[in-house]
Amino acid sequence: MRSLLLERTFRKLFAAGYEITSPQSTDYNCIAWAAHDIHHKWWPNDYGYWPGWVKREETIPSFIRAFRLLGYRECGDSCRQFGYEKVAVYAIGKAPKHMARQLLDGSWTSKLGDAEDITHYTLDAVESYGPAPFYGEYGAPVVYMRRLLVVSWVVRFIQFVWWKVR
Amino acid sequence: MMQDAATSSLHLWLGCPPRPRVVEDYVRKLPKVLRCKYEFASSLSPAKTTSGTSRHKRDKAIQNWIVRAQFENIPVQQSIAVQPRPIETRFHELADNWSQNTWHVSSITDLRAHPSYKKIIEMGWDVVPLLLRDLQQTHRFWFPALSEITKVRPFDPGDAGNVKRMSDAWIAWGKKKRLI
């Protein structure tokens with residue numbers, strides 16, 4: 001399924017190839033989607049969810065610290081590695097803007113704001129720059145993190161139980 | 001140019017300033033009757049008028065002038081202040097503009113920084129019932145705007161990021177305050 005609105009906003013999307021994989025939702029955002037959470041909007045300020053013991057500041061180190069708690073560690077590239085799950089942090093300058101998560105087949109999945117989840121085959125498909133003050137631009141991937149798939153299953157189970165209890 | 005320079009030097013020599021040149025204005029003037037009435041009406045400004053009688057006179061003169069101008073098909077919009085649009089229309093315009101421009105944005109800071117969002121916040125308390133009604137219907141991210149206007153945060157800090165719980169808390173608050 002194609003969306004002209006998506007293609008008009010992200011100019012590289014059509015050329016890179018993509019697929020819409022969910023209906024629109026306002027319940028969660030791209031950071032939550034990268035963390036396998038569909039119940040919260042993650043953002044390090046007063047109106048978003050952020051892991052309690054990580055300082056709420058809109059910086060790349062704060063994002064790294066939050067994802068380290070989920071078992072991720074920084075790595076050098078976005079290549080697919082057997083037995084690992086990767087995430088990429090998009091930023092403009094020092095301000096984080098978006099996150100994407102790698103699927104088992106090496107493609108990437110992103111939640112686009114309040115719109116749909118998409119699977120895109122390259123990371124640069126949702127890369128975007130524009131004139132200041134960058135309303136809605138995602139910038140480019142600047143940090144890659146990975147975790148073992150086994151760790152991923154354990155963490156996701158703990159997250160599931162935690163949210164059920166809450 | 002030469003003449004101007006010569007005249008100015010002559011005036012300097014004589015020690016008196018040159019006469020100011022009268023500039024013709026080519027603005028089309030209103031008919032005499034209308035202009036007089038308008039001038040009379042505008043001369044009685046609210047600052048000058050204190051008594052009820054003179055205020056009444058001024059209002060009547062303005063009304064007469066408007067009626068006459070409309071009758072004679074004179075464009076009155078140029079001189080009369082444009083009526084402000086109802087707050088609901090303005091809110092919906094701004095909210096739609098904000099949604100159209102930020103549907104793909106994940107950063108809450110960027111959502112708040114959009115000019116339309118800021119304008120909605122600047123509208124103040126009048127817009128709170130509209131925000132709550134919109135939140136009830138569309139679940140758009142009005143939480144920062146509501147908090148900034150009302151200086152209240154009715155939801156539990158642990159529920160931050162949970163859109164459904166935050167919405168419920170705000171709607172309950174609105175009902176308690178009889179805003180919706």
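Trainee: What share of the 166 residues in chain A is buried, and what makes a residue count as buried?
Mentor: This is a predicted model, and in it 36% of the 166 residues of chain A are buried. A residue is called buried because 20 or more other C-beta atoms lie within 10 Å of its own. In chain B, buried residues make up 20% of 180 residues.

Trainee: How do you know whether the radius of gyration of chain A agrees with that of a compact globule?
Mentor: For 166 residues the globule rule gives a value near 15 Å, and chain A has 15 Å, so the two agree. Along the principal axes, the C-alpha atoms of chain A fill a box of roughly 40 × 35 × 30 Å.

Trainee: What are the elements of the two chains, and in what order do they run?
Mentor: Chain A has five helices and seven strands, which run from the N terminus as α-α-β-α-α-β-β-β-β-β-β-α. Chain B, by contrast, has nine helices and zero strands.

Trainee: What makes the strands of chain A one sheet, and why are β1(A) and β2(A) called edge strands?
Mentor: Two strands pair if at least two bridges are found between them, and seven strands of chain A form an open sheet with antiparallel pairing in the order β1-β6-β5-β4-β3-β7-β2. The edge strands are β1 (18-20) and β2 (73-75) of chain A, each of which pairs on one side only. Neighbouring strands of this sheet are turned against each other by 35° on average, with direction ignored.

Trainee: How do you know that β1(A) and β6(A) pair?
Mentor: The pairing requires at least two bridges, and β1(A) and β6 (residues 117-120) of chain A have three, in the antiparallel sense, so they meet the criterion. A:E19 stands opposite A:T119 in β6(A).

Trainee: Which helix packs on the sheet, and which strands does that helix touch?
Mentor: Helix α5 (residues 149-165) of chain A packs there, touching β3 (84-92) and β7 (140-148) of chain A, and the direction of α5(A) makes about 85° with that of β7(A).

Trainee: What makes two residues a contact, and how many residues of each chain are in contact with the other chain?
Mentor: Two residues are in contact if their C-beta atoms lie within 7 Å, and on that basis 26 residues of chain A are in contact with 20 residues of chain B. Both α3 (30-34) and β4 (95-102) of chain A supply at least two residues of the side that touches chain B. By class, that side of chain A has 10 nonpolar, 10 polar and six charged residues.

Trainee: Which residues touch the most other members of the largest nonpolar core?
Mentor: Of its 60 residues, A:I31, A:A34, A:V87, A:M99, A:A100 and B:L131 touch the most other members. Leaving out residues up to four places away in sequence, A:A100 touches, among others, A:A34, A:V87, A:W108 and A:L123.

How values were computed. Residues numbered from 1 in each chain as written. Chains lettered and ligands numbered in written order. Predicted model: local features only at pLDDT ≥ 70, side-chain atom pairs only at ≥ 80, totals over all residues. Helix = DSSP H or I, 4+ residues; strand = E, 2+ residues; numbered from the N terminus. Rg over C-alpha atoms; globule rule 2.2 N^0.38 Å. Buried ≥ 20, exposed ≤ 12 C-beta atoms within 10 Å, placed from the backbone. Nonpolar A, V, L, I, M, F, W, Y, C, P; charged D, E, K, R; others polar. Axes fitted to C-alpha atoms, helices over the stretch in contact; angles between N-to-C directions. Core = buried A, V, L, I, M, F, W, Y, C linked by C-beta atoms within 7 Å.
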